[in-house]
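The structure is shown below.

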Protein chains: 2
Amino acid sequence: MKLWQTIDGLEDDLKQVERYLEELAQAPEEWASLSAVLSSSAVQRGKRLRPALVLLTGRLGPDYPACRDRLCRAAAMVELAHAASLIHDDIVDDSPLRRGRPTVQSRFGKDMAVYAGDFLLSRLFLFLMEQDMGRCGLLLARCMSDMCCGEIRQYQAQFNTEATEEAYFESLLGKTASLFAVSCELGALESGCGPKDMESLREFGRNLGVLFQLRDDLLDFTSSQQAEGKPVHSDFKQGLYTLPVLHGFQDPDVGPLLKEAARQVQRDGSDALCARMEELVARSGGIAYAVSVMEQYERQARCLLETLPPNPILKRMDSMIHKLVPGACRKPV
Amino acid sequence: MKLWQTIDGLEDDLKQVERYLEELAQAPEEWASLSAVLSSSAVQRGKRLRPALVLLTGRLGPDYPACRDRLCRAAAMVELAHAASLIHDDIVDDSPLRRGRPTVQSRFGKDMAVYAGDFLLSRLFLFLMEQDMGRCGLLLARCMSDMCCGEIRQYQAQFNTEATEEAYFESLLGKTASLFAVSCELGALESGCGPKDMESLREFGRNLGVLFQLRDDLLDFTSSQQAEGKPVHSDFKQGLYTLPVLHGFQDPDVGPLLKEAARQVQRDGSDALCARMEELVARSGGIAYAVSVMEQYERQARCLLETLPPNPILKRMDSMIHKLVPGACRKPV
């Protein structure tokens with residue numbers, strides 16, 4: 001049973017979010033190819049994790065349920081920002097698969113992917129202006145700027161075997177955690193939570209986002225292509241050195257070998273060379289290290305929930321953490 | 001002497017626009033490559049035609065000069081929207097040159113161009129939210145949605161020898177004329193013009209935008225690469241069939257030959273084949289036809305200015321029309 005099926009009315013709210021999304025991402029009828037792009041993209045096939053966060057946190061403030069429709073609109077905007085960024089990121093990643101399906105740019109070409117992302121951004125921007133959701137817009141705008149900067153940071157660090165953990169986290173906070181954070185913040189804002197709770201929820205979202213990305217990065221090592229719906233070892237091949245690899249680079253024994261292997265993968269991304277990298281990372285204890293870092297974020301996220309006034313919703317939010325913790329790392333969320 | 005040097009204080013306002021642009025398009029210092037991208041992009045090298053329209057029309061309403069700083073901010077936003085769209089359009093066009101310089105994607109690759117455009121969009125979005133310029137934002141958001149749709153329309157019509165003039169104008173109105181229209185509308189809005197004048201100015205901008213694009217399309221035929229700062233006949237090679245070509249396609253004698261030539265250019269975009277297309281277009285009277293259409297838009301733009309209360313600024317706006325009329329088609333604006 002899905003998380004939201006256990007909460008009264010949450011599924012209805014998510015359906016309302018879907019209706020907004022459909023309205024927002026609708027291409028004019030005569031544009032068959034854009035419609036095809038959009039219906040094959042993340043906007044149609046997401047797990048709706050971020051909208052769920054908006055809706056859940058939106059039940060914590062005193063203005064719920066009066067704010068219910070505003071929450072649905074905010075949730076749709078968050079998902080749209082996510083979908084647009086995925087389309088553009090896939091251009092850069094040159095990834096053939098996303099969620100088990102061909103990416104927009106692999107099916108329709110980079111050009112159409114540029115436009116499809118821009119189309120979603122322009123729809124989001126227009127929707128926000130029409131709704132007159134000023135403060136929500138400001139938070140979302142800051143987040144989108146952070147997301148873009150995080151992506152650029154990651155892009156600039158590609159194939160850099162001297163990249164630091166600090167730079168990795170800086171990129172991660174922008175590209176992934178900021179949207180989780182703002183999702184929680186928007187729920188808190190619209191439902192009228194006080195500043196302290198809003199800050200706690202924002203921090204909770206940020207921690208959850210970090211956990212999500214660390215888990216996603218780890219899946220590139222530990223899962224099969226079939227389970228994850230995207231190619232494994234794609235991070236190695238793209239020179240995206242995630243936490244376990246960065247840890248391996250620092251290891252006095254394994255580090256030089258791993259860097260050499262990474263450079264070989266850069267020249268020739270064969271499966272054999274990737275397997276060599278994976279073996280070296282494991283030897284350095286990189287995966288165990290990443291798991292221990294995840295446990296820290298897990299604890300922090302739980303602590304933040306404990307600072308909030310008691311509410312049955314918090315148990316559901318706790319179960320979102322649970323789904324992302326290391327023990328769950330072999331199963332897709 | 002440039003247009004704005006003849007108007008009291010306009011150059012100062014444009015300098016203020018530049019300051020806003022610089023602030024907005026500033027990448028963090030450590031991002032050398034993004035900074036390089038941005039400083040080589042349109043945001044640094046535009047003719048500032050659209051900001052000039054905001055500033056000129058912004059002198060027509062009763063709230064000038066109190067609105068002066070808001071005008072500069074609106075002008076910077078318009079130019080930023082323009083610069084972001086150019087960066088993404090160049091990806092799709094695969095154009096090597098823009099304003100005589102290598103395009104972002106030709107120097108830094110498509111990936112960086114995707115991010116640079118997104119970065120500017122996110123900065124624009126954030127600036128707008130921070131400024132709390134709600135109505136201006138709504139108009140700009142609508143325009144950006146129209147621009148994106150116009151670009152997609154053009155993209156979808158590529159290499160379609162059955163494309164209609166109507167579809168061509170629909171695309172043109174979105175991709176180019178809408179930003180000219182909104183530039184004039186924002187000036188009118190911020191300076192407190194009444195709804196009738198605002199509508200006239202918006203229409204003036206739209207007509208000027210059409211004129212601008214028709215002229216730009218014509219330059220692809222009639223100018224040299226050196227004069228225009230971008231390759232000639234690039235529209236032929238990209239299958240962007242502009243008004244003179246569409247007219248030629250309709251010619252009972254020349255049409256079939258021109259379509260055949262266009263298909264040959266699609267397979268092999270040699271200069272000889274492009275010259276053959278150009279010759280056929282000329283034989284059909286396509287260029288003369290485009291010039292006659294431009295003259296219609298010129299007249300309409302002038303008529304719209306005549307509906308406005310007398311103001312010395314209108315003479316300057318008239319001279320903007322003059323710079324775009326067919327007689328000026330062999331010189332860059």
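## Contact between the chains

Two residues are taken to be in contact if their C-beta atoms, placed from the backbone, lie within 7 Å. The model is a predicted one. By this criterion, the contact takes 32 residues from chain B and 32 residues from chain A. On the side of chain B that touches chain A, at least two residues each come from helix H2 (32-39), helix H5 (68-93), helix H6 (104-131) and helix H7 (134-157) of chain B. H6(B) gives the most to this side, with 13 residues.

## Symmetry of the two copies

Chain B is superposed on chain A by a rotation of 180° with 0.0 Å of shift along its axis, at an RMSD of 0.0 Å. The two copies are thus related as by a two-fold rotation axis. Of the interface residues of chain B, 100% are also interface residues in chain A, so the copies meet through the same surface.

## Helix H7 of chain B

H7(B) is among the helices that supply at least two residues to the side of chain B that touches chain A.

A residue counts as buried if 20 or more other C-beta atoms lie within 10 Å of its own. In H7(B), 17 of the 24 residues are buried, so this helix is largely enclosed by the rest of the structure. Just after H7(B), Phe159(B) takes a positive phi of about 60°.

## Helix H14 of chain B

Helix H14 of chain B covers residues 271-283. Its 13 residues reach 18 Å from the first C-alpha to the last, close to the 18 Å expected at 1.5 Å a residue. H14(B) is followed by Gly285(B), whose phi is positive, near 80°.

The buried residues of H14(B) are Leu273(B), Cys274(B), Met277(B), Glu278(B), Leu280(B) and Val281(B). Seen down the axis of H14(B), these buried residues fall within an arc of 165°, so they line one face of the helix. They pack against helix H9 (195-222), helix H11 (234-238), helix H12 (243-250), helix H13 (254-267) and helix H15 (286-306) of chain B. The exposed residues Asp271(B) and Ala272(B) are carried on the face of H14(B) turned away from its buried side.

Definitions and conventions:
Residues are numbered from 1 along each chain as its sequence is written. Chains are lettered from A and ligands numbered from 1 in the order in which they are written. This is a predicted model: local features need pLDDT of at least 70, side-chain atom pairs count only at pLDDT 80 or more; totals for chains, interfaces and linings use all residues. Copies are superposed by least squares on the C-alpha atoms of residues with pLDDT of at least 70 in both. Helices (H or I, at least four residues) and strands (E, at least two) are DSSP runs, numbered from the N terminus. A residue is buried if 20 or more other C-beta atoms lie within 10 Å of its own, exposed if 12 or fewer, and partly exposed in between; C-beta atoms are placed from the backbone. The expected span of a helix is 1.5 Å times one less than its number of residues. The arc is that of the directions from the helix axis to the C-beta atoms.
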